[in-house]
Amino acid sequence: EATWRMKRNARKIDRTIEASWQPRQNSYQDIWDLGSICGRDALLFGTGFVKTIEDQDLGAVLHERVPPWQVLVEAGDAEHGNPRCIHHQYPAERYALASLLPKHKDAILAAPIMDSRDDATLWGIDDRYRVDRLLVCESWKTADGPDAPGIHTIVADGIPTPLVREPWEYRESQLEAIHYRRPVEGFFGTGIMDDVADLDGELNEMVSRMIQAVKNTGINRTST
């Protein structure tokens with residue numbers, strides 16, 4: 001049974017976590033506003049993602065939405081729904097990335113701009129309004145135990161060496177998945193659109209049968 005001191009510490013931790021959720025989370029008012037959007041992703045696409053990040057300038061832990069199409073896993077690794085390796089591939093603004101990783105500023109500023117065809121195909125961005133960005137992939141291989149750490153890397157297209165390569169001591173990545181309906185096998189869930197698609201097919205079939213029934217029972221009336 002928990003002692004008084006343990007209960008008191010638990011309450012302090014709860015208050016600390018709740019306080020960290022109150023501030024603005026990048027473009028969202030607070031963690032609940034962000035959560036509603038990620039929940040919408042789960043509803044529409046089957047799975048939504050929240051990423052926990054450290055803002056060193058603010059000295060705070062923040063969270064951000066990750067579009068589900070930016071998350072990659074290997075099918076075999078994710079067979080049982082808990083992949084040990086997970087990747088977040090996204091376009092990053094060049095100068096923001098250089099500010100985040102100042103040790104690699106020269107390499108980041110010299111890297112080729114993200115191909116406009118990638119922008120249009122992968123992210124649906126009009127080339128006329130394209131900003132100077134690099135294609136970045138952040139990856140985690142989770143730890144197997146205290147003596148078997150995983151690895152965390154950040155690489156960018158056009159830069160031959162990793163921007164970040166460090167041990168990862170945790171059994172989870174910085175990505176948290178929210179599923180509308182968990183899959184029987186695999187990682188990504190199914191959303192309400194799958195239910196609507198099935199219903200839409202049934203409705204179309206029913207309408208076709210009704211039209212055919214009208215044709216079969218129709219009476220031709222001719223004047224004499």
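**Note on an aromatic cluster and a nonpolar surface patch**

1. Phe49, Phe187 and Phe188 form one aromatic cluster; rings of Phe, Tyr and Trp (its six-membered ring) pair if their centres lie within 6.5 Å, with planes under 30 degrees apart counted as stacked, over 60 as edge-to-face and the rest as tilted. This is a predicted model, in which local features need pLDDT of at least 70, side-chain atom pairs count only at pLDDT 80 or more, and totals for chains, interfaces and linings use all residues. Residues are numbered from 1 along each chain as its sequence is written, and side-chain values use heavy atoms, leaving out hydrogens and water.

2. Five aromatic pairs are found across the whole structure. One of them, Phe49 with Phe187, is tilted, at 6.0 Å centre to centre and 35 degrees between the planes, and it joins strand S1 (residues 47-55) to the loop between strand S8 (175-179) and H6, 138 residues apart; helices (H or I, at least four residues) and strands (E, at least two) are DSSP runs, numbered from the N terminus.

3. Phe49 and Phe188 have ring centres 6.2 Å apart and planes at 75 degrees, so this pair is edge-to-face. Phe49 is buried at 1% relative accessible area, whereas Phe188 is partly exposed at 34% (buried is under 20%, exposed over 50%, partly exposed in between, with a 1.4 Å probe and protein chains only).

4. Met193, found in helix H6 (residues 192-217), is partly exposed at 46% relative accessibility. Helix H2 (residues 31-45) gives the most to the nonpolar patch, with three residues.
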